[in-house]
Amino acid sequence: MSQFLEVSNLNVTFPTEDGDVRASNEITYSVGLGETLAIVGESGSGKSVSNLAVMGLHNPSRTKITGSAVLNLSSGPVDVISAPTESVRKLRGKEMSMIFQDPMSALHPFFSIGDQIAEAWHLYNKGSKKDGIKKATEMLELVGIPDAANRVNDYPHQFSGGMRQRAMIAMALVNNPALLIADEPTTALDVTVQSQILTLLKNLQKELNMAIILITHDLGVVAEFADRICVMYGGRIVESGSVEDIFYRPSHPYTLGLLNSVPRLSSGTSHRLKAIPGQPPSLIELPAGCAFAPRCEYVSRVTSGACLTQVPQLIEKSTSHSSRCHLSADELNNLVKDKA
């Protein structure tokens, strides 16, 4: 599978009066056409920040960004981090697009749904206003909005939450982008609508052969949707691998903690969910060693004390499965078995 997006050593820092907020550190991942990469982690772990950098949506006067994010276009590779702002703007909405977390704040309340989708289409296509509304109607039909010919004239407040999310998807896909970044696309939606939205994205991906990056804090959402998963904590990727690796062979204590906090029907009614103790670290004052060490129940098992003094490297534990932990996969697995 060809890699359409290749992110390497991406760092995003926000200078403040209190110090530098290191929101993303050494982020490296890739995603190919037709593939879905899920990025999971708690709020504030750096998931959205790193992908907003890929989209070129940070204010350059208030943000320090280093590293690279290369789009392998048919016309040749383009590094959106070092490319001129105007060049990135021409890629945004055409080669890469983004679904934002809250469609009510992302959609303009004073313009109809059809006008907003048509405006996105007119950026890269010639045609009359009538042509734009026709395309908007086609897109609303594509994403499953009933009576699209009439609803195209409605305003965001006249749509339900699920319909607004579908309208956002229609706007993001109106120019057939090769890369779609979906930032918490099912937040605040009930489980039935969640399933409908994820199924819609999956079907559209098959039809358009898109690369999708799904940003979420909910491991349950990605279980059947993603091909690979990156787990983020404290601004870093702490584990990455296939869905099977992450769910059945986790090799980082934080990933184990996330999995233990997800309810399972197979576990029986007496099973109690286990919360991860403590709070995520401040991104201004990250711990000297492993960022997860203050919350990790296995930190004392590393006899050298490296967890408190050395930042672990992201090391391949098995084929295409990497973890940022001083414990080996076997050591962690044995500790988990002993505790059980």
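Predicted model: local features only at pLDDT ≥ 70, side-chain atom pairs only at ≥ 80, totals over all residues.
User: Which strands sit at the edges of the eight-stranded sheet?
Analyst: That sheet is open, with mixed pairing and the strand order 6-7-8-3-9-10-12-11.

User: What about the four-stranded sheet: which are its edge strands?
Analyst: This one is open too, with antiparallel pairing and the order 2-1-4-5. Each edge strand pairs on one side only, so to speak the outer pair is strand 2 (19-32) and strand 5 (76-79).

User: And which residue in strand 2 does Glu6 stand opposite?
Analyst: Strand 1 (residues 3-16) and strand 2 run antiparallel, paired over ten bridges. Looking across to strand 2, the residue opposite Glu6 is Ser30.

User: At about what angle does helix 1 run to strand 1?
Analyst: Helix 1 (residues 47-55) lies across strand 1, strand 2 and strand 4 (64-73). Its direction makes an angle with strand 1 of about 110°.

User: Are helix 7 and helix 8 roughly parallel or roughly antiparallel?
Analyst: The axes of helix 7 (residues 161-173) and helix 8 (residues 191-208) come within 10 Å and cross at roughly 15°. The crossing itself is right-handed. Angles under 35 degrees count as roughly parallel. The two helices are therefore roughly parallel.

User: How many nonpolar residues are in the contact of helix 7 with helix 8?
Analyst: Helix 7 brings Gly162, Gln165, Arg166, Ile169 and Leu173, and they meet Val193, Gln196, Ile197, Leu200, Leu201, Leu204 and Leu208 of helix 8. Sorting the residues of that contact gives one charged, three polar and, for the nonpolar group, eight.

User: Is Gln165 buried or exposed?
Analyst: Gln165 belongs to helix 7. Leaving out residues up to four places away in sequence, Gln165 touches a list that includes Ile99, Phe100, Pro103, Glu184, Leu189 and Ile197. Its relative accessibility is 1%, so Gln165 counts as buried.

User: Which residues does Ala120 touch, apart from those up to four places away in sequence?
Analyst: Ala120 is in helix 4 (residues 113-122). With 14% relative accessibility, Ala120 counts as buried. Setting aside residues up to four places away in sequence, its contacts are Met171, Val174 and Asn175.

User: How far apart in space are Ala120 and Phe292?
Analyst: In sequence, 172 residues separate Ala120 from Phe292. Going C-alpha to C-alpha, their separation in space is 42 Å.

User: Which residues of helix 11 are buried?
Analyst: Helix 11 (residues 253-260) is largely enclosed by the rest of the structure, because seven of its eight residues are buried. Those buried residues are Pro253, Tyr254, Thr255, Leu256, Gly257, Leu258 and Leu259.

Methods
Residues numbered from 1 in each chain as written. Heavy atoms only, no water. Axes fitted to C-alpha atoms, helices over the stretch in contact; angles between N-to-C directions. Parallel < 35°, antiparallel > 145°, perpendicular 65-115°, else oblique. Left-handed = near helix turned anticlockwise from the far one by under 90°. Contact = heavy atoms within 4.5 Å. Nonpolar A, V, L, I, M, F, W, Y, C, P; charged D, E, K, R; others polar. Pairing = 2+ DSSP bridges. Buried < 20%, exposed > 50% of the residue type's maximum accessible area, 1.4 Å probe, protein only.
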